[in-house]
Amino acid sequence: MRPAEELRYLILAVQREGNRMLAANLRPLGVTPSQAEVLRVLADRQPLTLAGLGELLVCETGGSPSRLVDRLVTMGLVDRGAGEDDRRRVALALTDDGRRLAVRIAEVEERLYGTIDDLTQGMPVPETLTLLRAFAGAFPSGQAVVRRGGEPGSTP
């Protein structure tokens, strides 16, 4: 197997396993990993327009997470309100239930990150992050990570 192929499959394997673990831990909360990402981004950055939210999501590329947001509005977790500067613009923000759920999602994420920390203890994580930033930065999802604070030297 050539190195590029192995890199591709290893990234895919790690992503799938991480998503599987996250989904299993989010299931009791009644949300998917993609829905959880929307709630966490809004918790950190609200209010946001739909386009502004789309620029920060890794789970959804293409810039318009309207179906995800529609479902979260239906669930009573996200509110669509008029923008402060322009009442014609829609501003997305968490409801009280959405804020409470975002806190619980953050706890699930922290447990996942603890598992990742344990599995990578003693490994060259900074060098790996440098490689992955260079590789992912060429793609919209990688650029979303940078916009959310994933640049070298940043702390989310």
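Before the rest, the ground rules. This is a predicted model, where local features need pLDDT of at least 70 and side-chain atom pairs count only at pLDDT 80 or more, while totals for chains, interfaces and linings use all residues. Residues are numbered from 1 along each chain as its sequence is written, and side-chain values use heavy atoms, with hydrogens and water left out.

Back to the charges. The whole structure has 7 salt bridges. One of them joins Glu37 and Arg148, at 2.4 Å from N to O. That pair links distant parts of the chain, 111 residues apart: Glu37 is in helix α2, and Arg148 is in the segment after α7 (140-147). Helices, for the record, are DSSP runs of H or I with at least four residues, numbered from the N terminus. Glu37 is buried, at 12% relative accessible area, whereas Arg148 is partly exposed at 32%. Buried means under 20% relative accessible area, exposed over 50%, and partly exposed in between, with a 1.4 Å probe and protein chains only.

Arg20 and Glu17 have their closest N and O atoms 2.6 Å apart, and both lie in helix α1, 3 residues apart, about one turn. Arg100 and Asp97 meet at 2.4 Å, N to O, again 3 residues apart, in helix α5 (residues 96-120).

Now the surface. Ile11, Leu131, Leu132, Phe135 and Phe139 make a nonpolar patch of about 430 Å². Patch residues have over 30% relative accessible area and no salt bridge; nonpolar side chains (Val, Leu, Ile, Met, Phe, Trp, Tyr) are joined within 5 Å, like charges within 9 Å. Areas come from the Shrake-Rupley method with a 1.4 Å probe, and for residues only the protein chains shown count as cover. Helix α6 (residues 125-136) gives the most, 3 residues. Ile11 comes from helix α1 (residues 3-26) and is partly exposed at 31%.

What about aromatic pairs, how many are there? The structure holds 1. The rings of Phe135 and Phe139 have centres 5.9 Å apart and planes at 75°, so the pair is edge-to-face. Rings of Phe, Tyr and Trp (its six-membered ring) pair with centres within 6.5 Å; planes under 30 degrees apart are stacked, over 60 edge-to-face, the rest tilted.

Key: Salt bridge = Lys/Arg side-chain N within 4 Å of Asp/Glu carboxyl O. Helix = DSSP H or I, 4+ residues; strand = E, 2+ residues; numbered from the N terminus.
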